[in-house]
Structures are given as C-alpha cells and as structure tokens.
Amino acid sequence: MFAALASLCLLGGGGDESHVQEESWPTYQSLLAARQASSYLSVMLAPSPTANMQHQVWILVPVHNRRGTTERCLAHLEGLGIRAWAEVLVIDDGSSDGTSEMIGQDFPWVHTVSGDGSLWWGGAMRLGMEKALSAGAECVCWLNDDSLPEQGSLEQLVHLALERQAVCGGICRTADGAFVYSGGFIEGRWPRHSASAPDPTVFPLSVEWLHGNMVAVPASVCARIELPEGRWIKHNFADIDFTLRAHRAGIPVLLVPSALGLADRNDTATYWSWADPRLSWFDIMRGFGSPKVWWYAPGLMRFKTVHFGLLGAVDCGWLFFKAGAIVLFKCLPSQWMTPSR
C-alpha cells in the first residue's frame, strides 16, 4: 500500500515543487499579444555609454571556484567597453582555485571583496550591494559570471532602471536555446516562467519576479526594501525573493526583452525534480541541508512563509511528506519495481 502511495508521489515529483517550471504561461502570452503592435526598438534603442556616465553604476559579479568562467566574463565586459561608464566589483566567496590572483594580475581595474565560502549568491550580493552603495552607487547591476550580456544590454537595463526607478532584468538564453533565464509571475504560490523568450521588439513587461542573471537595481529601491538577506535564503530563491519583495512594495519590476545575454545551462540538482533518476534518496536527504538546491529547508521555509504565510507553511509540510515518500520509494529493492510477468 505504501509503495503505491510513494509511486503516486513520485509520478508527481516533477510538478509544483520546482521553482523554475517551464510551461505555457497564458498571462505572459496575453501581455505579449497586447504589445506586439508597438516596436520597443524604436523607443528604446541601446543608449550610448555616455548616457550612463553621469551616474555612478556598479556591476556586481559573485564568484566561487570558477576561475575560467570568471575570466571569460571579465574579458567579455572589458571587450564591451564597460570600464568607460561603470565600476566592476567581484565578490569572491572563498575561491581556492586562483581566481583572486587571476583577477589581480589580468584585471587590475576590477574591485574585489572576499568572503569565507559561506556567502553563497544571496550573501555575496548583499555584501557587494553594501560596498557599492557605500561608495555612492546610484544603480547596481547583478551579473552572474556565467552570463555574457550582448552589446548595449547592460546600458539599456541601467538607463531604464534609473528612468523608471524600477528593477529591470534582461533575458539570458543558453547557447542551444533550450533554456531561458528571465522572470515571471506567481501561480499557485510558486514562481512560474515561460519556456520561450519573448520577442525582443516588444515593450518591457511588468512581472512579479526576475532571475538574477542580469538585473539593474537603482539605489532608491535598496532604500525602500531590505537587501538580499543572505542568512536563510542563501542561494536559490534569493533573486526571486528580492524582486518579489520589490514588486509587493509597489516598485515596478520589468522584464526587458531587448536586453539579451548568453548563459551557461545550470543542469544540476539545483533545478532537478525529485523524480529525476539522477537523484538518489541520499541526494534528496542531503539537499535539505545544502543551500545549492531549491529544496534547502531553511531557505524554502523562509521564502514560502514570508510571502505566503500559513498557506506557504502548509506547502512546506506537504513537500516534506512528499520527499519522505519518494525517498522510501527510491529505497525499495529494484525487483519490487519490476512488474511481474
């Protein structure tokens, strides 16, 4: 009887628990249809770098033990001419692969600040934002080191963020186009986003949350809401939590389809469903204590209860029950899983 219950839970394991579901998005599609008649490019061509020179802009790049990826990102930024209008700050969270030495030797113009390996994405961004804001930054840009903006994309995000006093995010596709980092809406108390990118010629879209790959945040927003907290929501949900809090505080959160970038596909347990055969029962159990994965218990519970209260707590209880059932199901002897003939 329990095996049947666990099997049912496993079949549902790819459902509502993953915070980056790729599915049809009626609300999103209707927004696109409503704006197709107008060309955004005619209104919002990439401003020249001189348009941002009058403002203090800092680009924040959190890194940890990805020396080659970080080097590629910084070289790309230098090739884009970023140095003409922005400061770049790398938050190195305890890298042991020579990342810090590489930056000092090859990119002496880059500012750096170090962590002890416990910051993760949320803590690193908080530290970087505090440093940039204390130096007088009027706008900060989040940029993951595995994301490479196209020419003019960061300028667009900064220009629009300062003009609208809004949180503005771009769209990063993987090289094969199979995955898109963007933004979306809350549906069923889970963040949902479309599997496809919107037409780059449409106007900026009002959304409820953004992925943190490439996002511009004005200093005025940081004065109104808390920075990424970094204590409980360390990695997964940290970008969604901040941008969703901005939206709920009445701050515009905009997805800018013409601000494009290329990103590496993060095909790790970070985004896997519990039903994925690559996850063992031990991986699932260990994940509750690992900030790297979406079901990290402290971060998940914090996100769900802060944004959805008692119903969010109920969601967590159901997820933990489901996890227990799936773990026991994955522990069953393999011969029990083979239908008898």
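This is a predicted model: local features need pLDDT of at least 70, side-chain atom pairs count only at pLDDT 80 or more; totals for chains, interfaces and linings use all residues.
Trainee: Where is the place of Glu150?
Mentor: Glu150 sits in the loop that runs between β6 (147-149) and α7.

Trainee: Which residues is Glu150 in contact with, leaving aside its neighbours within four places in sequence?
Mentor: Those contacts are Leu80, Leu260 and Gly261.

Trainee: Is Leu160 buried or exposed?
Mentor: Leu160 counts as buried, since its relative accessibility is 1% and the limit for buried is under 20%. From C-alpha to C-alpha, Leu160 is 9.2 Å from Leu254, and the two are 94 residues apart in sequence.

Trainee: Let us step back to the whole protein. How many helices and strands are there?
Mentor: The secondary structure comes to 12 helices and 14 strands. The protein has 341 residues, and 52% of them are buried.

Trainee: Now the helices. At what angle do α4 and α5 pack?
Mentor: Helix α4 (residues 67-79) and helix α5 (residues 99-106) pack at about 25 degrees, and their axes are 9 Å apart. The pair is therefore roughly parallel, as the angle is under 35 degrees. The crossing of α4 past α5 is right-handed.

Trainee: Which residues make that contact?
Mentor: On α4 they are Arg67, Thr70, Glu71 and Leu74, and on α5 they are Thr99, Met102, Ile103 and Asp106. By class, the contact of α4 with α5 has three nonpolar, two polar and three charged residues.

Trainee: What is the angle for α9 and α11?
Mentor: Helix α9 (residues 238-248) packs against helix α11 (residues 297-331) at about 10 degrees, with 11 Å between the axes. That angle makes α9 roughly parallel to α11.

Trainee: Which residues of α9 and α11 meet?
Mentor: Ile240, Asp241, Leu244, Arg245 and Arg248 of α9 meet Phe303, His307 and Phe308 of α11. The residues of this contact of α9 with α11 comprise four nonpolar, one polar and three charged.

Trainee: Another topic, then: where does Gly122 lie?
Mentor: Gly122 lies in helix α6, which spans residues 120-134. Gly122 is buried, with a relative accessible area of 0%.

Trainee: What is Gly122 in contact with, apart from neighbours within four places in sequence?
Mentor: Gly122 is in contact with Pro228, Gly230, Ile233, Lys234 and Ala238. The C-alpha atoms of Gly122 and Trp232 are separated by 9.1 Å, with the two residues 110 apart along the chain.

Trainee: And Arg83, where does that residue lie?
Mentor: Arg83 lies in the loop between α4 and β3 (87-93). Arg83 is partly exposed, at a relative accessible area of 48%. Beyond its neighbours within four places in sequence, Arg83 is in contact with Glu78 and Trp109. Its C-alpha atom is 9.2 Å from that of Val110, 27 residues apart in sequence.

Trainee: One last topic, backbone angles. What is phi for Asn65?
Mentor: Phi of Asn65 is near 55 degrees, a positive value in a residue other than glycine. Most residues other than glycine have a negative phi. Asn65 is in the loop between β2 (57-63) and α4, and counts as partly exposed at 32% relative accessibility.

Trainee: What about phi for Arg189?
Mentor: Arg189 is not a glycine, yet its phi is positive, at about 65 degrees. Arg189 lies in the loop between β9 (183-187) and β10 (190-194). Its relative accessibility is 28%, so Arg189 counts as partly exposed.

Note on methods. Residues are numbered from 1 along each chain as its sequence is written. Side-chain values use heavy atoms; hydrogens and water are left out. Axes are lines fitted to C-alpha atoms, for helices over the stretch in contact, and angles run from 0 to 180 degrees between N-to-C directions. Helices (H or I, at least four residues) and strands (E, at least two) are DSSP runs, numbered from the N terminus. Angles under 35 degrees count as roughly parallel, over 145 as roughly antiparallel, 65 to 115 as roughly perpendicular and the rest as oblique. A crossing is left-handed if the near helix is turned anticlockwise from the far one by less than a right angle, and right-handed if clockwise. Contact means heavy atoms within 4.5 Å. Ala, Val, Leu, Ile, Met, Phe, Trp, Tyr, Cys and Pro count as nonpolar, Asp, Glu, Lys and Arg as charged, and the others, Gly among them, as polar. Buried means under 20% relative accessible area, exposed over 50%, partly exposed in between (1.4 Å probe, protein chains only).
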